[in-house]
Amino acid sequence: MKLSIETKALQSGLAIAGRVISAKAPWPILSNIKIAAQKDKITLSGCNGDTTFEADVAATVTTPGATLLPFDHLVKFIAAAKGTTVEIEASGSGYVVKSGRGRIVLAPSNLEDYPAYRPPEGQAGTLDATTLNAALKFCVAAADDSEARYYLQGVYVAERNGGLEFWGTDGHALHHTEIAEADPIGGGGILPTDAVGIVTNIADRHDTVQLLVCERGWHIITPSVRAFGKVIDGSYPDCRRVLAGFTDWREVIAGPKDELIAALSVAACGTDEGAGGTRQLVIRGKTDNPVIAFGRGARGGVMSTGRAEMDVRAKADFAGCVNSKLMQAAITGIGASDVTIQHCGAAWKVEPSQKSTTSETYAIVMSIRASDEEMADAA
């Protein structure tokens with residue numbers, strides 16, 4: 001095998017592959033990258049046992065062939081050599097890699113030992129990449145990171161009424177996006193959090209992508225990049241049935257997203273951090289009066305309170321306690337400059353103030369029980 005390729009093009013492909021290939025792979029063979037040279041391009045392939053990545057990169061191929069080279073050494077050499085092109089040529093029992101004034105000889109691994117995983121079969125749907133990314137990034141922000149509830153460690157994607165819906169939850173917050181019209185994607189399934197990162201990374205570079213998600217796995221396809229892997233084998237909670245239990249929603253806050261986030265950040269300054277850096281806040285207001293957010297925390301026997309009075313005025317009388325981290329994540333993830341917050345006592349609902357005709361996005365954050373003393377504004 002002998003080829004020449006532009007450094008930037010090769011580094012771009014290797015950067016995406018780096019999300020899959022790990023030096024701590026379960027099998028040493030998976031710490032390599034497969035390079036297959038044919039005609040006027042090379043195909044880079046990486047695998048970690050759960051996810052497989054493939055990228056086509058334009059190259060000048062003198063002698064076609066394929067090899068497995070150590071990924072980490074190859075990436076470090078290319079970055080250090082700083083040449084404009086990279087040349088790879090088989091020489092004896094190794095491969096000589098040249099870039100700029102540098103050269104390195106890498107020992108290949110046996111191609112026959114490399115796993116030959118295949119993508120799931122099915123018809124992929126063509127989706128707008130920006131819309132897909134927004135839905136996945138918003139919903140994965142609420143996904144669980146606890147191994148005990150593995151089926152919540154990702155985003156549930158499903159077909160619904162001629163469109164698609166996306167769900168993410170850890171049991172304390174729930175993020176949801178529904179796209180009104182979209183191609184079928186194979187039925188749907190639970191995309192693992194790592195897979196969401198790979199899909200969004202690939203989609204960021206394209207206008208449209210093809211996506212397949214089914215019980216046999218997931219597959220994202222673009223003209224030059226492909227990735228596929230396993231879905232989470234489990235049953236996702238019936239989120240719609242859970243939401244049906246929340247009634248008597250009242251609109252209590254409507255205003256600029258940045259103003260709300262800034263106020264919650266200030267109020268959280270006086271609150272003790274709980275597990276995972278969470279802070280509990282009380283948010284309250286009286287109709288047509290400024291909304292107030294405050295938190296309490298006892299340090300060394302001294303009570304400290306962070307408090308913020310917003311320019312936003314309350315739409316109704318209300319008071320409730322909430323996890324500051326979850327509420328700020330919900331507000332931040334809404335793709336709009338103005339948001340509306342509803343409250344029903346047991347939960348808070350955050351959604352864009354301006355509704356879209358093509359999609360629906362909202363977040364539910366569970367309320368936290370608090371005593372009358374804790375709910376009282378001390379300032």
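Predicted model: local features only at pLDDT ≥ 70, side-chain atom pairs only at ≥ 80, totals over all residues.

The protein has 379 residues, and buried ones make up 48% of them.

**The big picture**

- Taken along the principal axes, the C-alpha atoms fill a box of roughly 80 × 50 × 35 Å.
- Take the contacts in the protein with a separation of 6 or more: 66% of them are between residues 24 or more positions apart.

- Helix H2 covers residues 71-81, and its buried residues are Phe 71, Leu 74, Phe 77 and Ile 78.
- Look down the axis of H2 and those buried residues fall within an arc of 140°, so they line one face of the helix.
- There is a simple rule behind this kind of pattern: an α-helix has 3.6 residues a turn, so residues three or four places apart point the same way.
- On the face of H2 turned away from the buried side, you'll find the exposed residues Lys 76 and Ala 80.
- The cover over the buried residues of H2 includes helix H1 (7-17), along with strands such as E2 (32-38), E6 (65-70) and E7 (85-91).
- Strands E8 (94-99) and E9 (102-106) are also among the elements covering the buried residues of H2.
- Just after H2 comes Lys 82, with a positive phi of about 60°.

**How H1 meets H2**

- The axes of H1 and H2 come within 11 Å and cross at roughly 145°.
- The crossing of H1 past H2 is left-handed.
- On the H1 side, the residues involved are Thr 7, Leu 10, Gln 11, Leu 14 and Ala 17, and they meet Phe 71, Leu 74, Val 75, Ile 78 and Ala 79 in H2.
- Sorted by class, this contact of H1 with H2 has eight nonpolar residues, two polar ones and no charged ones.

- Helix H4 (residues 193-203) has 11 residues and nine of them are buried, so the helix is largely enclosed by the rest of the structure.
- The buried residues of H4 are Ala 195, Val 196, Gly 197, Ile 198, Val 199, Thr 200, Asn 201, Ile 202 and Ala 203.
- Helix H3 (residues 129-140) packs with H4 at an angle of about 150°, and their axes are 10 Å apart.
- That angle makes H3 roughly antiparallel to H4.
- H3 and H4 cross in a left-handed way.
- Ala 129, Leu 132, Asn 133, Leu 136, Lys 137 and Val 140 are the H3 residues in this contact, and they meet Thr 193, Val 196, Val 199, Thr 200 and Ala 203 in H4.
- The residues of the H3 and H4 contact split into seven nonpolar, three polar and one charged.

**The loop between E19 and E20**

- Lys 286 sits in the loop between strand E19 (280-285) and strand E20 (290-299).
- With a relative accessible area of 56%, Lys 286 is exposed.
- Not counting residues up to four places away in sequence, Lys 286 touches Ala 314, Ala 316 and Asp 317.
- Lys 286 and Phe 318 are 32 residues apart in sequence, yet 6.6 Å apart in space, C-alpha to C-alpha.
- Asp 288 lies in that loop between E19 and E20 too.
- Asp 288 isn't a glycine, but it has a positive phi of about 70°.
- Asp 288 is exposed, at a relative accessible area of 55%.

- Asp 248 is in the loop between helix H5 (239-243) and strand E18 (250-256).
- Phi of Asp 248 is near 60°, a positive value in a residue other than glycine.
- The relative accessible area of Asp 248 is 67%, so this residue is exposed.
- Gly 65 lies in strand E6, and at 26% relative accessibility it counts as partly exposed.
- Leaving aside neighbours within four places in sequence, Gly 65 is in contact with Met 1, Ile 35, Ala 36 and Ala 37.
- Gly 65 and Asp 144 are 79 residues apart in sequence and 43 Å apart in space, C-alpha to C-alpha.

How values were computed: Residues numbered from 1 in each chain as written. Heavy atoms only, no water. Buried < 20%, exposed > 50% of the residue type's maximum accessible area, 1.4 Å probe, protein only. Helix = DSSP H or I, 4+ residues; strand = E, 2+ residues; numbered from the N terminus. Arc of directions from axis to C-beta. Contact = heavy atoms within 4.5 Å. Axes fitted to C-alpha atoms, helices over the stretch in contact; angles between N-to-C directions. Parallel < 35°, antiparallel > 145°, perpendicular 65-115°, else oblique. Left-handed = near helix turned anticlockwise from the far one by under 90°. Nonpolar A, V, L, I, M, F, W, Y, C, P; charged D, E, K, R; others polar.
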